[in-house]
Amino acid sequence: MKVLVTERIAESGIEYLKNHAEVDFKLDLPRQELLEIIGDYDAIVVRSVTKVDKELISKGKNLKVIGRAGNGVDNIDLLAATEKGIIVVNTPEGNIISAAEHTIGLMLSIARNIPQAYNGAINGDFRRNEFKGVELNGKTVGIIGLGRIGSLVATRLAAFGMKVIAYDPYIPDSRFEKFGAKKVSFDELLSESDFITIHTPKTEETIDIISDEEFKKVKKGVRIVNCARGGLINEEALYNAVKEGIVAAAALDVFKVEPSYDREKQDFHNKLLELPNVVVTPHLGASTVEAQNNVGISVAKEVITALNGKLYGNIVNLPDIKADEFGELKPYMKLCEAMGALYYQINDDPASSVEVIFRGDISHHNTEVVTLHALKGLLRPALKEGISIVNARLRAKEMGIEVIEGKIEEIDHYSSLVTLKVTDTKGNVFKFSGTTYGDEIRIVEYLGHRVNFEPTEYMLFVRNKDIPGVIGHIGNVLGDFGINIASMHVSPNKNDGTALMIVNTDREIPNEAVESLNNLNSILRAKAVKNLI
């Protein structure tokens, strides 16, 4: 495996990558050179500067994983990555304490005019009245976004004696109670807060979440901190609000357009830097020794884990799954992918809907990733390449396939059972069911037949007349082509005098052998099936 690292991460992270893969550490790569070499790599590790956009992703013909050393992924085109089946991982926990502490540091800076006082002092100005500030104690702080970082900020500011209010429409009331924050509407937060700090991801919904209209609603003299993502506060609107005295002071660690880290290439211009009561830092939220070590080793582990096909951890474009749950679900992932792969090998008509039904113990788990494996198996024979569990649901939607997931607690005979029902465009239903015994997988129902077989790489499915001698005929034909039978399962149908025979072989069955079988009078239909696992 080859991994490209384009931005600086902790040495511990680099060493971990080198212990598991071939690593190229290339800082400040020119864009054109990056586009030319990305096709050689299985994974790329970035921070916030490298733009992993649609163009770069399209050039990454071998790219399987994109690692973001940090939380936000706004420099990564998630849709383009998902469409190509590329896993995107990040490290949301590694720098949260550093980011929370930096937020509070900036808040203290604009409350007590610390940067201005420092500049004054080193230039001989010790007039204390020029730098008079305000206390945090007794003030109201409004937190927009009560996630990982926002909640840390809430508990720490409560210790300063601040009244904490928060707005976050996506979290339960219990989280507000847990972190001692009063839940308010967005307008209430704007009008009541003496300090406002933002801790939301950058999405279409949150871009310019505070702009001209919002500044008309804030308390005059409010102080604002943005240590999250540039563009959450409209910078033109903030400039005007500071100039007009609506905002007493602002502190920014991020900008809508991030400046270059190379001073020789510096062409950054922003009017906010002209204002004496605006404090800025160069994206230092995660810049501590502890955070960099945490993020570096975390992103390295996430990338290697994903490259090895272990689908738990901080995968941005897959459903969340924990390591212990992954172990329990892994056999079912394999089972459902094998059952899904059966469909297009036994039926030529397109699928119109797929229903995945989980019964028994497995119904208590988060089974979305298992459903994705069923879709991957189903679509793999049709799409050949470019299909993975990351883009399986998207591909199914593009093909007009309705996906239904159901869960039923009650079950007979098995502790868990998964049923896959595929309906084609003519209304025909193809039904498969399976279960697991530890790590072993078994298909126990095949098109109405009760069976019990383990799907393997090379198989032969035969529907035949239930008469003596058929097994011998099949063995003779396969023997003529030098094919050994590894195992065989027969399931007769007493109602119509036919039987289903499932044969596992040691190698791929050529078309000529299948034709010979179909020419036998006792064979109704023979079909070779491969690559189920």
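A residue is taken as buried when its relative accessible area is under 20%, as exposed when that area is over 50%, and as partly exposed in between. The structure described here is a predicted model. Arg-395 has a relative accessible area of 18% and is therefore buried, since this value is under 20%. The side chain of Arg-395 meets that of Glu-398 in a salt bridge, with 3.0 Å from N to O. Both residues lie in helix α15 (residues 392-398), and because they are 3 residues apart there, about one helical turn separates them.

The count of salt bridges in the model comes to 20. In general, side chains of opposite charge can pair when their charged atoms come close. One of the pairs is formed by Glu-236 and Lys-271, whose closest N and O atoms are 3.2 Å apart.

Another salt bridge joins Glu-130 to Arg-127, with the closest N and O atoms 3.9 Å apart. Here Glu-130 has a relative accessible area of 48% and is partly exposed. The value for Arg-127 is 49%, which also places this residue in the partly exposed class.

The second largest pocket has a volume of about 750 Å³. Its lining consists of 30 residues, and those nearest the centre of the pocket are Gly-85, Lys-376, Ile-387, Ser-388 and Ile-389. Two or more lining residues come from each of the elements α12 (289-307), α13 (323-346) and α14 (368-383). Of the contributing elements, α13 gives the most to this lining, with 5 residues. Sorted by class, the lining of the second largest pocket holds 13 nonpolar, 8 polar and 9 charged residues.

Ser-98 is located in helix α5 (residues 96-112). With 11% relative accessibility, Ser-98 counts as buried. When neighbours within four places in sequence are left aside, the contacts of Ser-98 are with Gly-285, Ala-286, Thr-288 and Ala-291.

A disulfide is a covalent bond between the sulfur atoms of two cysteines. In this model, a search of the whole structure finds 0 disulfides. Cys-227 is buried, at a relative accessible area of 10%, and Cys-336 is buried as well, at 1%.

Backbone geometry was also examined. Asp-208 is not a glycine, yet its phi is positive, at about 55°. Asp-208 is found in the loop between β9 (195-198) and α10 (212-215), and with a relative accessible area of 33% this residue is partly exposed. A positive phi also occurs at His-283, a residue other than glycine, where the value is near 55°. His-283 has its place in the loop between β12 and α12.

Terms used
Residues numbered from 1 in each chain as written. Predicted model: local features only at pLDDT ≥ 70, side-chain atom pairs only at ≥ 80, totals over all residues. Heavy atoms only, no water. Helix = DSSP H or I, 4+ residues; strand = E, 2+ residues; numbered from the N terminus. Buried < 20%, exposed > 50% of the residue type's maximum accessible area, 1.4 Å probe, protein only. Contact = heavy atoms within 4.5 Å. Disulfide = S-S within 2.5 Å. 1 Å grid on protein atoms, 1.4 Å probe; cavity = no way out; pocket = protein on both sides within 12 Å on 5 of 7 lines; lining within 4 Å. Points joined across faces, edges and corners; volume = space filled by probe spheres on them. Nonpolar A, V, L, I, M, F, W, Y, C, P; charged D, E, K, R; others polar. Salt bridge = Lys/Arg side-chain N within 4 Å of Asp/Glu carboxyl O.
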